[in-house]
Amino acid sequence: MALFCGFMSLPTPIQDLAGRALRNLRLSVTDRCNLRCHYCMPEHDYTWLPRQDRLSLEELTAITKALVPMGVRQVRLTGGEPLLRRGLDQLIAQLRAIPEMEDVALTTNGVLLVEQAEILKAAGLQRLTVSLDTLKAQRFEDSTRQDFLPRVLAGLMAASRNGFQPIKLNTVLLRGSNDDELESLLAFALESGFELRFIEYMDVGGAQNWRQDLVVSRDEILARVRKHFGEPEPVATPDYVPARRWQLPQGGTFGIVASTTAPFCGTCNRARITADGRFFTCLYGTEGMDLRNLVRQEGGARNVVQAIEGRWRDRNDRGAEERLGQDDRGAFQGVEDLKKNPHWEMHTKGG
Ligand code: SAM
Ligand code: SF4
Ligand code: SF4
């Protein structure tokens with residue numbers, strides 16, 4: 001494997017056709033998961049990425065380093081379930097050692113946090129987001145096929161004990177499934193000192209059961225918060241951050257990611273890389289670029305720099321905005337297409 005450390009000087013950050021900078025990288029470290037959330041992995045069979053295609057920790061780091069001269073300053077580790085990846089702490093330490101990297105974050109379902117919170121903190125992980133859609137044990141089991149709610153709650157406590165602050169919670173509300181817990185989930189977050197972000201249900205690859213009427217919109221969430229907690233005051237946030245945030249009268253903040261009803265493609269500064277090195281410039285993208293072969297060829301990461309620079313400069317993606325304008329909107333891709341193209345799955349591309 002040829003890795004490359006010195007880069008030609010590039011104007012930073014590079015910009016795409018809409019003037020959007022490349023700043024944020026979602027690095028998917030595995031496509032495997034220990035849950036089967038009904039809105040993400042509802043099927044019983046999946047086509048998995050071959051194990052031998054997986055990038056090594058050193059290759060993941062080398063590719064991330066290659067993106068730094070182009071503008072990347074934040075990296076979020078995701079999956080699949082990132083805590084299933086062996087050596088994740090070493091990867092975190094390698095990413096933290098990149099001098100220009102300002103933020104190394106992780107999104108997890110929390111199932112393995114009890115065992116790993118301490119080691120993740122020691123490795124230098126800066127920010128932690130845990131997905132939590134219900135506080136009801138039976139509902140958790142029904143909607144993920146695993147009886148792991150107690151583990152997730154214990155994992156959150158372990159993360160707090162180990163000094164992660166703030167801890168964010170991601171909650172996807174689905175009408176008729178868990179929307180009756182909107183108020184109790186937010187109350188739990190406020191009492192526990194976590195910042196909850198409601199994420200609108202998205203019709204991304206793998207969300208086979210998506211229907212517009214199941215989406216609980218930002219407007220609806222705000223109306224219910226207002227009724228139960230009082231008038232929320234908007235908190236100023238940079239426009240490239242997906243979540244809008246509000247402060248509650250009794251103190252505490254929460255956020256909403258309105259990806260479905262009010263997409264924010266116009267300010268999107270995120271790229272994604274799958275565990276086997278496919279580079280995507282949009283969550284709805286279907287044309288991934290293979291970086292694995294590039295990083296393994298003579299020239300190493302220098303090849304990656306050239307390829308990504310060209311791809312980002314040509315970028316014109318507005319996936320969620322384009323979906324917004326579609327009549328008869330349903331699942332983005334069919335099950336058979338996803339089996340043939342596993343890179344299109346949310347759990348492969350990284351949420
Ligand atoms: N397994 C980890 C987890 O669940 O936190 C990380 C990967 S997961 C794909 C990242 C985030 O995407 C999670 O917060 C999850 O709730 C969210 N997500 C998955 N499918 C979604 C969908 N169809 N709509 C909205 N959010 C979704
Ligand atoms: Fe659930 Fe995350 Fe696994 Fe998807 S990748 S099934 S959201 S835990
Ligand atoms: Fe960015 Fe694509 Fe999401 Fe729009 S749909 S915000 S372009 S990743």
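Pro 166 is placed in the loop that connects helix H5 to strand E5, where helices (H or I, at least four residues) and strands (E, at least two) are DSSP runs numbered from the N terminus. The peptide bond leading from Gln 165 into Pro 166 is cis, its omega being near -5°. The structure is a predicted model, in which local features need pLDDT of at least 70 and side-chain atom pairs count only at pLDDT 80 or more, while totals for chains, interfaces and linings use all residues. Residues are numbered from 1 along each chain as its sequence is written, chains are lettered from A and ligands numbered from 1 in the order in which they are written, and side-chain values use heavy atoms, with hydrogens and water left out.

Most residues other than glycine have a negative phi, and most peptide bonds are trans. Against this background, Arg 145, in the loop between helix H4 (137–144) and H5, has a positive phi near 65°; Arg 145 counts as partly exposed because its relative accessibility is 34%, given that buried means under 20% relative accessible area, exposed over 50% and partly exposed in between (1.4 Å probe, protein chains only). A positive phi, near 50°, is also found at Asp 328, which belongs to the loop between helix H10 (319–324) and helix H11 (335–340) and, at 79% relative accessibility, is exposed.

Within H10 itself lies Arg 323, which is classed as buried because its relative accessibility is 7%. With residues up to four places away in sequence not counted, Arg 323 touches Asp 203, Tyr 284, Arg 329, Gly 330, Ala 331 and Phe 332, contact being defined as heavy atoms within 4.5 Å.

Helix H6 (residues 182–192) has Leu 182, Glu 183, Leu 185, Leu 186, Phe 188 and Ala 189 as buried residues. The cover over these buried positions includes helix H5 (149–161), strand E5 (167–172), strand E6 (195–199), helix H7 (218–229) and strand E9 (253–257). After H6 comes Gly 193, with a positive phi near 80°.

Strand E3 (residues 103–108) is mostly covered, with 6 of its 6 residues buried. Asp 103, Ala 105 and Thr 107 point one way from the strand, whereas Val 104, Leu 106 and Thr 108 point the other way. Strand E2 (residues 74–78) runs parallel to E3 and is joined to it by 4 bridges, two strands being paired if DSSP finds at least two bridges between them; in this pair, Gln 74 stands opposite Asp 103. The chain passes from E2 through helix H2 (residues 88–96) to E3 in a right-handed β-α-β crossover, meaning that, with the strands pointing away from the viewer, the path from the first strand over the helix to the second runs clockwise. Strand E4 (residues 127–131) is likewise parallel to E3, with 4 bridges between them, and Thr 107 faces Thr 129 of E4. E3, helix H3 (residues 113–123) and E4 form a right-handed β-α-β unit.

Two ligand shells were also examined. Ligand 2 is surrounded by Cys 33, Leu 35, Cys 37, Cys 40, Met 41, Gly 80 and Asn 109, a residue being near a molecule if one of its heavy atoms lies within 4 Å of it. This shell divides into 5 nonpolar, 2 polar and no charged residues, where Ala, Val, Leu, Ile, Met, Phe, Trp, Tyr, Cys and Pro count as nonpolar, Asp, Glu, Lys and Arg as charged, and the others, Gly among them, as polar. The shell around ligand 3 has 7 nonpolar, 1 polar and 4 charged residues.
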